[in-house]
Amino acid sequence: MLDDTDRRILRHYQADPDSPATELAERAGVTASTLTRRLERLRETCVLKGVRGVIDWHALGYEVEVSLRVTLDKTQPRAFDTFIAAAREVPEVLEIQTFLGQVDVRLAVIARDMAHYQRIYRERLLDLPHIQDIEALMHVARLKDEETLPL
């Protein structure tokens, strides 16, 4: 379980993970050794999964984002596993989510432009196994993109 000190450390860490440990410790109200010890424990317990570089894919020339809602033919044994394994092989698929309900899977797909998306869709996505139905939702705007947790 996290205590108030852990939450305070995580709040400051997620706001600025590149901050030197001494500055981070000061902002969190702990000593540098306490900060280091607690961050290590949070890593060991997988509360803190790591620090990653976030790349703006628009800056790399990707202008189109599409969400695909996929319903699978669940009469086939291992349909989920086979579909997901194949979807992971498509480089333009950034995210795969599974659901309970009418939609089984959502894929987040990026492309350089509409022609590129159409090629990906026809040549890679429609060939994925066990698709019963697929619906494409074109992203228009991202109104909130927040990864900071309310600690």
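In the predicted model, Arg52 and Glu147 are joined by a salt bridge, with 2.6 Å between the closest N and O atoms. Arg52 belongs to the loop between helix H3 (32-44) and strand S1 (64-72), whereas Glu147 belongs to the segment after strand S4 (131-138), so the pair ties together parts that are 95 residues apart in sequence. Both partners, Arg52 and Glu147, are exposed.

A salt bridge also links Arg69 with Glu135, and here the closest N and O atoms are 2.5 Å apart. Because Arg69 is part of strand S1 and Glu135 is part of strand S4, this pair ties together parts separated by 66 residues in sequence. Arg69 is partly exposed, its relative accessible area being 33%. Glu135 is likewise classed as partly exposed, with a value of 34%.

The pair formed by Asp104 and Lys74 is a salt bridge with an N to O distance of 2.8 Å. Asp104 is found in the loop between strand S2 (93-98) and strand S3 (105-111), and Lys74 in the loop between S1 and helix H4 (79-88); the pair therefore ties together parts that are 30 residues apart in sequence. With a relative accessible area of 3%, Asp104 falls under the 20% limit and is therefore buried. Lys74, in contrast, counts as partly exposed at 47% relative accessibility. Elsewhere, salt bridges with shared partners connect Asp3, Asp6, Arg38 and Arg41 into one network. The count of salt bridges in the model comes to ten. In general terms, side chains of opposite charge can pair when their charged atoms come close.

Arg38, a member of that network, is also one of the buried residues of helix H3, which include Thr34, Leu35, Leu39 and Leu42 as well. Viewed down the axis of H3, the buried residues fall within an arc of 125°, so they line one face of the helix. These buried residues pack against H1 and H2. The face of H3 turned away from the buried side carries Arg37 and Glu44, both exposed.

Cys46 follows H3 and has a positive phi, near 65°, although Cys46 is not a glycine. This residue is placed in the loop between H3 and S1. Cys46 has a relative accessible area of 54%, which lies over the 50% limit, and is therefore exposed. A positive phi, near 60°, is also found at Arg78, again a residue other than glycine. Arg78 is placed in the loop between S1 and H4, and counts as exposed at 59% relative accessibility.

The loop between helix H1 (4-15) and helix H2 (21-28) contains Asp18. Asp18 has a relative accessibility of 68% and so counts as exposed. Although Asp18 and Val51 are 33 residues apart along the chain, their C-alpha atoms are separated by 9.0 Å.

Turning to the aromatic residues, the count comes to one aromatic pair. The ring centres of Tyr117 and Tyr121 are 5.8 Å apart and the ring planes meet at 35°, so the pair is tilted. This assignment follows because planes under 30 degrees apart count as stacked and those over 60 as edge-to-face, with the rest counted as tilted. Both tyrosines, Tyr117 and Tyr121, lie in helix H5 (residues 114-125), where they are four residues apart, about one turn of the helix. Tyr117 is buried, with a relative accessible area of 7%. Tyr121 has a relative accessibility of 22% and counts as partly exposed, because the buried class is limited to values under 20%.

Key. Residues numbered from 1 in each chain as written. Predicted model: local features only at pLDDT ≥ 70, side-chain atom pairs only at ≥ 80, totals over all residues. Heavy atoms only, no water. Salt bridge = Lys/Arg side-chain N within 4 Å of Asp/Glu carboxyl O. Helix = DSSP H or I, 4+ residues; strand = E, 2+ residues; numbered from the N terminus. Buried < 20%, exposed > 50% of the residue type's maximum accessible area, 1.4 Å probe, protein only. Phe/Tyr/Trp six-rings, centres within 6.5 Å; stacked < 30°, edge-to-face > 60°. Arc of directions from axis to C-beta. Contact = heavy atoms within 4.5 Å.
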